[in-house]
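Reader: I am new to this structure. Please take me through one part of it closely: the place where the chains meet.

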Amino acid sequence: MLPSVDSVMLEQRAQSFAKRSIKNESKMQGLRLVLSMIDLTTLEGKDSAEKVKSLCKKAVHLYEGELAEPLPHVAAVCVYPSLVKVAKKALEGSGVNVASVATGFPSGQYPIDVRIGDVKKAVSAGADEIDMVINRGAFLAGNYKKVKDEIARVKNSCGNAHLKIILETGELETYDHVRFASDLAIEAATEAGKISDGEVFIKTSTGKVSPAATLPVTLVMLEAIRDFYDATGVRIGMKPAGGIKTAKQALHYLVMVKETLGDEWLSPHLFRFGASSLANDVLRQIVKQTTGHYPAGYDFSEA
Amino acid sequence: MAEGTNTQSPWDYSDAPDSTHVDIAKKYQLYIGGKFVSPKSRSWFATTNPANEQKLADIASAGKADVNIAVLAAKRALPSWSKLSGCERGKYLFAIARRIQERAREFAILETMDGGKPIKESRDVDIPLAAQHFFYHAGWADKLEYAFPGRAVKPVGVCGQIIPWNFPLLMAAWKLAPALACGNTCVLKPAETTSLTALRLAEVFEEVGLPPGVVNIVTGAGETGAAIVNHPNIQKVAFTGSTEVGKLIMSQTAGSGKSLTLELGGKSANIIFADAAIDQAIEGIVSGIYFNQGHVCCAGSRLFVEEPILDTVIRKLKHRLKSLRVGDPLDKNTDVGAINSKAQLKTIQHYIDVGEDEGATYHSCQTERLPSKGHWCHPCFFTDVQPSHTIAREEIFGPVLSVMSFRTPEEALMRANNTPYGLAAGVWTEKGAKIFDIARQLDAGVIWCNTYNKFDASSPFGGVKESGFGREGGMQGLRPYVKLQGAMS
């Protein structure tokens, strides 16, 4: 029997995470954790080598001001394949990964060979992580085998790079679809052989479709990850992306991960935020918590 | 992969205690005829905070003479209040609702300190719903003839209302709002362990200028309640509480001409079919039995799970229990607070012992350390429960769940209905036709489908069998508070 999802209690549970009160020490620790989980992202047609370089600089040195405790660096910088080389060079030795979107991101509406080629090129350019999109057209048409086979082929083309599978939940619309697509993606990516913890992530969105990540949608995906772990002992990672703009929202996600999957997942190894503007709001909160007053927006670099 | 977390120990929530800066007087008198008055009985009792066993205040214990004065005050207030136009009565109710909203934080903190329930629940459930009940009935006050078309609607008279300790302010609202909307006057007795919010509600009545005597609040224990029930000038008795006391009240009022509504105990069944959305059903189980420490008359205390998913449900329930935070009710992150009284804790512990003695297997989450003082019970559940076990038959009124299984819908129904109670039930399946089929055959006053413990002022609530009779809330909830006469005159 396919697992089904009922919206009433799902949304009630998702809302309950936002009611946790995160203050003082807990807030500071949580915010630093959030920073370390961010995939700092730029995915625009007008992206330039310069913009990626300054993003990489920010990825390593998040804040120019003085803070007693040094800040962690973000988890990864996420760019288009054509800019992987630039990012790779800028981040050398920093510990920050380079993630590249591929498979004809964001629509995936290209022949499979083109999409596989896309992945291979990004990997050979040095990408540590590949963020692929699933074939939503095939999924919504009920051609699940095709979706699954394609994911498996992409996984096989990743080499040592880790894989994040974007479901684009905004186009799948229903929670049932999200759950089914999560199971399908996890199964496809783990079918070829044993994988290690965090080698495969499922990810909500490209950021190009609204709604992107929401608490209930992410909860459905976390439950799929939990069921897979209970059945196999393998830990799949999770990446909500798009729409998470504030520190407060990000803390709600941490609460949800903690209570749904456990402390084990509270690590950039298994949980990421795909976001472009989140880092600055988190920095603002950290500075406020440290100095007692809010800094101005221009105190932080945009990229 | 990326490094850079500076976290050694797992991330956890800091304490987030709400303030306790709510004025609590040393002594609380009776509220009779629009005034706070000392009890003729000259007797007082202490009310304590169940989370730390500290005394909060002394409360007047109303004796027979005090009840008599209160009933007479209500009787005196009746003619003018019942003649007031519905529109005018509605204005009072509306003002009360607004004032509860304005003082919501104060009410929530007080409710939590006096009763032990988590601030999260008093803040998000009890107080907003109490305000909603007054808002809702403010709307009915001038539309009663539309609720009972073609009939002339008259108030019943002086109502004696006795409420329990599990939802103190909310139950006061459930009782008072419809009574006042229909033009009755009231004598209300809160439960002895939780009088404070009802007395604070009396302050609200003063603030909005409710005419003296329309609502009188007499505090005390069972004897005070008995004096209300047996008073000759009481025309209607409304009681929420145990089935045992309900039966007593029923025999005492029999033949007296008093009308009666009872909302009593329950042992409600929560039925989960294999085709349910299991993760959401787990949420339903949790809010069904651990909401308000299980001090809920409609708590889903008997869980019936279709056999193929029994192991999955138990595994997921165990996992879910780990994230329940038990402790200081005033902490905003607390999910399960203190047991309302020492006596109730003893009762619950007795049932847990009996459950183990009779052969059921006990499971609980014991991850959090509990405060050394106060009345605490770990949320728990039993497996290997037989329907004949004591814990599967009797109302425990605590965070104790009995898990049982079934194979066919017929068996589920047979087991669910095999109880003297009939307050509520839950059905979990993603099949619409099955929902209606099962719900139709369940003997229960309230049936939730794919959710549990959802309340709304517009939805009638009440039981069948030994769970009582009469409805509260909704259009149906007006009926016990009106006399209907022939055609409209």
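Author: What follows is a close look at the interface, and then at the salt bridges that lead away from it.

This is a predicted model, in which local features need pLDDT of at least 70, side-chain atom pairs count only at pLDDT 80 or more, and totals for chains, interfaces and linings use all residues. Residues are numbered from 1 along each chain as its sequence is written, chains are lettered from A and ligands numbered from 1 in the order in which they are written, and side-chain values use heavy atoms, with hydrogens and water left out.

Start with the contacts. Chain A brings 50 residues into contact with 41 residues of chain B (contact means heavy atoms within 4.5 Å). The size of an interface is often given as the accessible area lost when the parts come together. Here the two chains bury about 3,600 Å² between them. Buried area is the accessible area (1.4 Å probe) that two parts lose on being put together, summed over both. Carbon and sulfur atoms carry 51% of it. Within the area that chain A buries against chain B, M9(A), R20(A) and Q29(A) supply 18%, more than any other three residues.

Next, the polar side. The rule finds 18 residue pairs in polar contact across the interface, both residues at pLDDT 80 or more. A polar contact is a pair of N or O atoms within 3.5 Å; within protein, one must be able to donate a hydrogen and the other to accept it, and residues adjacent in sequence count only if both atoms are side-chain atoms.

Which elements of chain A give two or more residues to the side that touches chain B? They are α1 (7-17), α2 (24-36), α10 (215-232) and α11 (247-260) of chain A. Helices are DSSP runs (H or I, at least four residues), numbered from the N terminus. The largest share, eight residues, comes from α2(A). By residue type, the side of chain A that touches chain B divides into 17 nonpolar, 15 polar and 18 charged. Ala, Val, Leu, Ile, Met, Phe, Trp, Tyr, Cys and Pro count as nonpolar, Asp, Glu, Lys and Arg as charged, and the others, Gly among them, as polar.

Now the charges. Side chains of opposite charge can pair when their charged atoms come close. Seven salt bridges cross the interface of chain A and chain B (a side-chain nitrogen of Lys or Arg within 4 Å of a carboxyl oxygen of Asp or Glu). D227(A) meets K316(B) in a salt bridge, at 2.6 Å, N to O. R315(B) forms a salt bridge with D230(A), and their closest N and O atoms are 2.4 Å apart. R315(B) lies in helix α11 (residues 310-322) of chain B and D230(A) in helix α10 of chain A, so this pair joins two chains. R315(B) is partly exposed, at 36% relative accessible area. D230(A) is partly exposed too, at 39%. Buried means under 20% relative accessible area, exposed over 50%, partly exposed in between (1.4 Å probe, protein chains only).

Follow α11(B) further. R320(B) forms a salt bridge with E283(B), with 2.8 Å between the closest N and O atoms. R320(B) lies in helix α11 of chain B and E283(B) in helix α10 (residues 278-289) of chain B, so the pair ties together parts that are 37 residues apart in sequence. R320(B) is buried, at 10%. E283(B) is buried as well, at 11%.

Over all chains, the count comes to 59 salt bridges.
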